[in-house]
Amino acid sequence: MLENIVELLIEWYEENHRILPWRASKNPYYIWISEIMLQQTRVEAVRPFFERFIKALPQVEDVAVCPEEQLLKLWEGLGYYNRVRNIQKAAIRIVEEYGGRLPADYEKLKDLPGIGNYTAGAVASIAYDLPVPAVDGNVLRVYARIMEDDSDILKQSVKTKVEKEFLEIMPGSRSGTFNQALMELGAMVCVPNGAPKCEQCPVAQYCQARAHGTALDLPVKKKSKERRKEEKTVLVLRDGERVAIRKRPSKGLLAGLYELPNLEGYLSEEEILSWVEEQDLTPLQIVPLVDAKHIFSHVEWDMKGYLIRVAALEESADPKMIFAEIREVEKEYPIPAAFQAYAEQIQMRLGQDKYR
Ligand code: SF4
């Protein structure tokens, strides 16, 4: 049954696929970086990040020796900063163990930090024409609909079963094209969140969900555990020109990045002002800002913000606190998108926005 879709999909892909910078060559480094970026963002949003990353670090060797701050800056706006840290760890091993070229071997690829079955499959099949599957959320959705399979696709056992079935029908040296065709079908035709475009689908004749009108009920995803909620008070501390930022701890969520100073819980204006004074700063005015929310995979930040004008940002009791002009912060310090709502209040651009 599944084997019937191979030729039809390859044919369709060859005529219809989008032109993307990382597909222009079969460079394994480009494919690796783009696939890690695509795990968190849509193709169109990834494009400028990818181009900037590759321009700054054209080879695996450049990633291996890149200073951490520059690396985080290049990733700013993409989130999931551990992914770029893992890219660097893997790059160091690729240089030391494989002379700077990603190994043409599925198992060896999987052994590298941050590279799981999907990324290893994508690199091995697209760059090296190896007959291995690359099963991500798009491919799972396409599979669940074609086969009308109502297993929970968030379960590892289901993913393993799907990988096994695709492995059996991989079309030899055209496996990279087939994998990309599946991904493209999932992104462009058999779309999530809404009705799939079955009238444009090259494999509609073999699709069980279409035949039985069940496409909208598939795939099945059982809800994961509730996210932990954290309340925070975010402070935009300013004198005439500068703003205060602070380096985050080197371990844990958003490790090593910079942030607007913030405190656990919702504090009253009096509590905030006395905290500011404890930092050896002189508050002149406090103004409440908008409430904001940021959702990470396991945690949600519910934030209340305040703009506080202080007499002069010169020295603080906290050695992690830095005072800098806004344009300097934009240029030098990686600040996660979680602070977007408050950065906007002082016309500070984060991530991709500052390149516009
Ligand atoms: Fe998806 Fe529709 Fe194609 Fe089935 S026919 S694979 S539901 S787009």
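Helix 10, residues 156-168, has 13 residues and reaches 19 Å from its first C-alpha to its last, close to the 18 Å expected at 1.5 Å a residue (1.5 Å times one less than the number of residues). I take helices as DSSP runs of H or I, at least four residues, numbered from the N terminus.

This is a predicted model, in which local features need pLDDT of at least 70, side-chain atom pairs count only at pLDDT 80 or more, and totals for chains, interfaces and linings use all residues. Residues are numbered from 1 along each chain as its sequence is written, and side-chain values use heavy atoms, with hydrogens and water left out.

Next I looked up burial (buried is under 20% relative accessible area, exposed over 50%, partly exposed in between, with a 1.4 Å probe and protein chains only). Val158, Val162, Glu163 and Phe166 of helix 10 are buried. They lie on the same side of helix 10 because their arc around the axis is only 135 degrees, taken from the directions from the axis to the C-beta atoms. Gln156, Ser157, Lys164 and Glu168 are exposed on the other side.

I then checked what the buried residues of helix 10 pack against: helix 8 (117-128), helix 9 (137-146) and helix 11 (175-188). Contact here means heavy atoms within 4.5 Å.

My last entry is on Glu76, in the loop between helix 5 (68-75) and helix 6 (81-98). Glu76 counts as buried because its relative accessibility is 2%. Glu76 and Leu350 are 274 residues apart in sequence, yet 7.5 Å apart in space, C-alpha to C-alpha.

Conventions
Helix = DSSP H or I, 4+ residues; strand = E, 2+ residues; numbered from the N terminus.
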